[in-house]
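User: Could you walk me through how the strands and helices are arranged in this one?
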Amino acid sequence: MSDATVDEGPVGDGTRAVRAGLPEPVKHEPTLPGPVFAAHFHLPGEATGPYSYGRDDNPTWTLLENAIGELEAPGRPDVETLVFASGMAAISAVLFSQLRAGDAVVLPSDGYQALPLVRAQLEAYGVEVRTAPTGGDAQLEALEGARLLWIESPSNPGLDVCDIRRLAVAAHAQGTLVAVDNTLATPLGQRPLALGADFTVASGTKQLTGHGDVLLGYVAGRDAEAMAAVRRWRKIVGAIPGPMEAWLAHRSIATIQLRVDRQNATALIVAEALRQRPEVMDLRYPGLPDDPAHPIASRQMRRYGCVVSFTLPTRARAERFLAALRLVEDATSFGGVRSTAERRGRWGGDAVPEGFVRMSVGAEDPEDLVADILRALDESAE
């Protein structure tokens with residue numbers, strides 16, 4: 001897939017990914033400079049310039065932030081990106097920097113399982129929290145007078161989708177800010193800022209970096225004042241990534257298009273195979289033409305993600321299935337090059353059946369992965 005900007009001409013996702021955030025070349029210097037490990041910087045005289053103290057800024061962060069910004073908002077120099085120590089650090093930075101006592105926020109009732117913890121903390125600070133499901137644009141019904149609308153599309157783990165542009169238009173008509181958790185989609189799947197959001201937020205731990213070895217989060221936004229508040233929150237709480245993690249993330253982004261295209265294509269193959277099995281219920285993947293989310297997803301998403309969800313008849317059947325898998329690791333998180341799956345009910349916090357399975361499709365050969373999944377289904381049958 002490719003798109004164009006006025007100043008740079010046609011640039012495909014792969015070309016953009018491998019060059020995103022690279023500095024101007026310098027003779028005898030590496031293409032991607034190594035991580036800068038510094039708590040402080042040489043700073044004689046007046047405290048001016050980009051780097052003064054390690055909690056405020058770091059050259060390795062800057063390159064990574066530039067790279068993510070080029071993926072989330074190509075050709076948009078007005079968009080600022082900030083990296084954080086984790087996805088939850090990024091989520092918290094937006095919510096707690098933008099909301100005050102007496103404000104109202106609308107959260108998805110079917111979103112990431114840590115959101116109930118966030119809700120409890122917001123309410124303790126005097127913020128009114130309203131919730132509604134992602135599907136059917138149900139959050140519109142709770143929007144009146146809210147300061148911030150938080151969207152998660154596709155939702156995790158149920159994979160419902162809402163019309164981001166429609167919700168953003170309705171929110172902005174009454175002065176409500178809009179933030180979209182873009183973790184499941186990645187910037188190659190959808191670009192929330194182009195759909196009208198004020199913030200796009202994600203866990204870089206997942207498919208953005210894709211190797212299961214980095215904890216990272218980021219916020220990108222188009223309003224300078226709002227992003228200044230996010231930056232201030234990062235400084236106050238010190239929710240900063242280490243330079244090694246930032247460097248690893250930047251290195252990994254170079255292969256995101258290769259990984260995403262392989263994983264997304266295989267996820268569709270896996271979903272189609274699962275659809276043929278009578279014991280598999282409530283199968284969800286936005287890329288399936290008959291999935292309830294597909295009509296909206298096909299309008300606003302460029303790729304449908306690597307996560308497939310489904311339900312097996314009982315908790316015991318799901319556990320036997322997971323134990324029988326050989327190419328799929330029983331682990332939490334998603335988006336890595338090695339396939340993972342888990343019974344989400346083991347954590348609590350998600351309103352899902354006991355036999356609900358979230359599967360993250362990796363970069364294995366599709367025929368090998370499908371064969372393993374079908375064999376595990378057969379072996380786990382009573």
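Analyst: Two strands count as paired if DSSP finds at least two bridges between them, and in this predicted model V105 has L148 in β6 as its bridge partner. Strands (E, at least two residues) and helices (H or I, at least four) are DSSP runs numbered from the N terminus.

User: In what sense do β4 and β6 pair?
Analyst: Strand β4 (residues 104-108) and strand β6 (residues 148-152) pair in the parallel sense, over two bridges.

User: And what's the strand order in the sheet?
Analyst: The open sheet has seven strands in the order β3-β9-β8-β7-β6-β4-β5, with mixed pairing. At the edges stand β3 (80-84) and β5 (128-132), each with a single partner strand, so one side of each has no neighbour in the sheet.

User: Switching to helices, how do α3 and α6 pack?
Analyst: Helix α3 (residues 87-98) packs against helix α6 (residues 224-237) at about 115 degrees, with axes 9 Å apart; axes are lines fitted to C-alpha atoms, for helices over the stretch in contact, and angles run from 0 to 180 degrees between N-to-C directions.

User: Which residues meet there?
Analyst: From α3, S92, A93, V94, F96, S97 and Q98 meet A226, A229, V230 and W233 of α6, where contact means heavy atoms within 4.5 Å.

Terms used:
Residues numbered from 1 in each chain as written. Predicted model: local features only at pLDDT ≥ 70, side-chain atom pairs only at ≥ 80, totals over all residues. Heavy atoms only, no water.
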